[in-house]
Amino acid sequence: MESWVADIEFERPSGVGRVMKKLLINPIGNHMPGKLLRGLLRFTRSELAKSNWIDPGGWRSMVISYDGSPERMVDRILVKSGTIPMAARNRKKLAARLIAKLIDQVAQQPAHVLCLGAGPGHIIMEAMAQAGHQAEATLVDISEDAFDYGRQLAERCGLRDRVRFIQGDVRDIKKMLDNRVDIVKMIGICEYLEDDQIVSIVKAVSGMMPPNASIVFNSLSNRHGTDAFFRRVFGLHMIHRSVEQLQSLMGQAGFCDFDSFAEPLMVYEVVVGKRGPGRENSPKGRE
Ligand SMILES: C[S@@+](CC[C@H](N)C(=O)[O-])C[C@H]1O[C@@H](n2cnc3c(N)ncnc32)[C@H](O)[C@@H]1O
């Protein structure tokens, strides 16, 4: 699997950038009064800050971070030099490539990918475009408007007929499942869920997956060094979990044989696991 991702061109901060962040930018962001920082971001009309204030960790801030060159100067600085936005762009490349390769391994075509907390679907659409085999995707997100943007994105990618959008809470996923699932994608969502919620969601979806089907998720390390900034200024409360902690949760839901792939900033690792052979949850008869 390592060879699958060997040629990805990741973004890396410069040496000077790393030192500046450690000695100057992160301490200011983490310790300067939150009110002052929020005022500064309001004054400079930051779209990234505004989107986080409306919907902390929502899909719009993700789109601004993926874009890499937003309209406002303040946002360009935040997304180009910020550790989390850069790491998120790396995570997107990693996850899209891994999912594309996993799609190519599914014997039955089209493969069905279930995307939880999918946002408008950037990662899955990139994966479907890269894959050699046919795939269909079901995108689930709680946000009311993620899918207006998602439909436009699907249209642009020529994937309109192959993606289905379901607005809903992934904690209620059991009610939404109606089809065999070959790959489950949980990128950018576990950090917003409690341990027991992750286990119950994954147990529910595993019931629709054949043995050896894949799950793709990510860990989050606090190596980005800006957690206090995100909490105080953006109101964003992310749960940091190591690969081992997540594997243990996924293990409780019957997954095993994990492989993990770190992006160069070491903020995120993307992990692929396989559904174990347990028969009790077999999707047989429900395909
Ligand atoms: C950080 S974004 C990640 C989007 C996408 N997965 C990506 O990585 O580009 C998190 C997404 O999860 C969605 N979300 C958060 N909690 C959710 C829940 N309980 N049920 C469904 N979607 C949820 C948000 O609306 C948002 O679109």
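Trainee: At what angle do helix α10 and helix α12 pack?

Mentor: This is a predicted model. In this model, helix α10 spans residues 195-206 and helix α12 spans residues 243-252. Their axes lie 8 Å apart, and the packing angle is about 45 degrees.

Trainee: Are α10 and α12 parallel, perpendicular or oblique to each other?

Mentor: An angle under 35 degrees would count as roughly parallel, and one of 65 to 115 as roughly perpendicular. The angle here is about 45 degrees. The two helices, α10 and α12, are therefore oblique.

Trainee: Which residues of α12 make the contact with α10?

Mentor: From α10, the contact takes Asp 195, Ile 198, Val 199 and Val 202. By class, the contact has 5 nonpolar, 1 polar and 1 charged residues. The α12 side consists of Leu 249, Met 250 and Gln 252.

Trainee: Is the crossing of α7 past α8 left-handed or right-handed?

Mentor: Helix α7 covers residues 83-105, and its axis comes within 8 Å of that of α8. The axes cross at roughly 45 degrees, which makes α7 oblique to α8. As for the hand, α7 passes α8 in a crossing that is right-handed.

Trainee: Which elements give two or more residues to the shell around the ligand?

Mentor: The ligand is surrounded by 21 residues, with Trp 59, Gly 117, Gly 119, Ile 142 and Gly 188 the closest. Domain 1 (15-82) and domain 2 (86-275) each supply at least three residues of the shell. The elements giving two or more are α5 (59-67), α8 (122-130) and β2 (135-141).

Methods:
Residues numbered from 1 in each chain as written. Predicted model: local features only at pLDDT ≥ 70, side-chain atom pairs only at ≥ 80, totals over all residues. Near = placed C-beta within 6 Å. Helix = DSSP H or I, 4+ residues; strand = E, 2+ residues; numbered from the N terminus. Domains from an automatic or database assignment. Axes fitted to C-alpha atoms, helices over the stretch in contact; angles between N-to-C directions. Parallel < 35°, antiparallel > 145°, perpendicular 65-115°, else oblique. Contact = placed C-beta atoms within 7 Å. Nonpolar A, V, L, I, M, F, W, Y, C, P; charged D, E, K, R; others polar. Left-handed = near helix turned anticlockwise from the far one by under 90°.
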